[in-house]
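Please find below a short note for a colleague who is meeting this structure for the first time.

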Amino acid sequence: MAEPERTERRLRPAPLLFEPSEAAADPEHFFDLESIDDPHELLVRATELALAFRAAQDRAMEFQAVAAAQLADPRRFDRLPPAAIAERVEWTEDYARKMIEFGEDLLKGLPDD
């Protein structure tokens, strides 16, 4: 059941392009959206960016979960308890446990090295 959802998140929406530092310093500038006059084009590009940010958030959360699971791995001599992981990233301890479990599930799906 989780696999179709995960496949869906792997779709590649519009790429997030990094902006020049001068543009990023301007609070009114956001991926050049302010320069698009056509509302149809603006809606399409803004939607592409929203989807790209959601996909990036999902991927980043998966990497957080994998890292949490690796840090909590009992085979590590320097393993961290869920409370220590939670403190590092400002999660609750309960959420850290859930992320560790999620990360363990993700790691089980990875090919063995």
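1. Helices (H or I, at least four residues) and strands (E, at least two) are taken here as DSSP runs, numbered from the N terminus. The model is a predicted one, in which local features need pLDDT of at least 70 and side-chain atom pairs count only at pLDDT 80 or more, whereas totals for chains, interfaces and linings use all residues. Residues are numbered from 1 along each chain as its sequence is written, and side-chain values use heavy atoms, with hydrogens and water left out.

2. On the overall architecture, the protein has five helices and zero strands, and its elements, read from the N terminus, follow the order α-α-α-α-α. Of the contacts (heavy atoms within 4.5 Å) between residues at least 6 apart in sequence, 50% join residues at least 24 apart.

3. On burial, 25% of the 113 residues in the protein are buried, where buried means under 20% relative accessible area, exposed means over 50%, and partly exposed lies in between (1.4 Å probe, protein chains only). The accessible surface comes to about 8,800 Å², and carbon and sulfur atoms account for 58% of that surface; such areas come from the Shrake-Rupley method with a 1.4 Å probe, and for residues only the protein chains shown count as cover.

4. Most residues other than glycine have a negative phi. Phe31, however, has a positive phi near 50°, and Asp32, also not a glycine, has a positive phi of about 65°. Asp32 is partly exposed, at a relative accessible area of 41%.

5. Which aromatic residues form a cluster? Phe30, Phe31 and Phe53 form one aromatic cluster. Rings of Phe, Tyr and Trp (its six-membered ring) are paired if their centres lie within 6.5 Å, with planes under 30 degrees apart counted as stacked, over 60 as edge-to-face and the rest as tilted. By this rule there are four aromatic pairs. One of them joins Phe31 and Phe53 edge-to-face, at 5.7 Å centre to centre and with 75° between the planes. Because Phe31 lies in the loop between helix H2 (21-25) and helix H3 (39-72) while Phe53 lies in helix H3, this pair ties together parts that are 22 residues apart in sequence.

6. Are the two partners of that pair buried or partly exposed? Phe31 counts as buried, at 18% relative accessibility, whereas Phe53 is partly exposed, with a relative accessible area of 34%.
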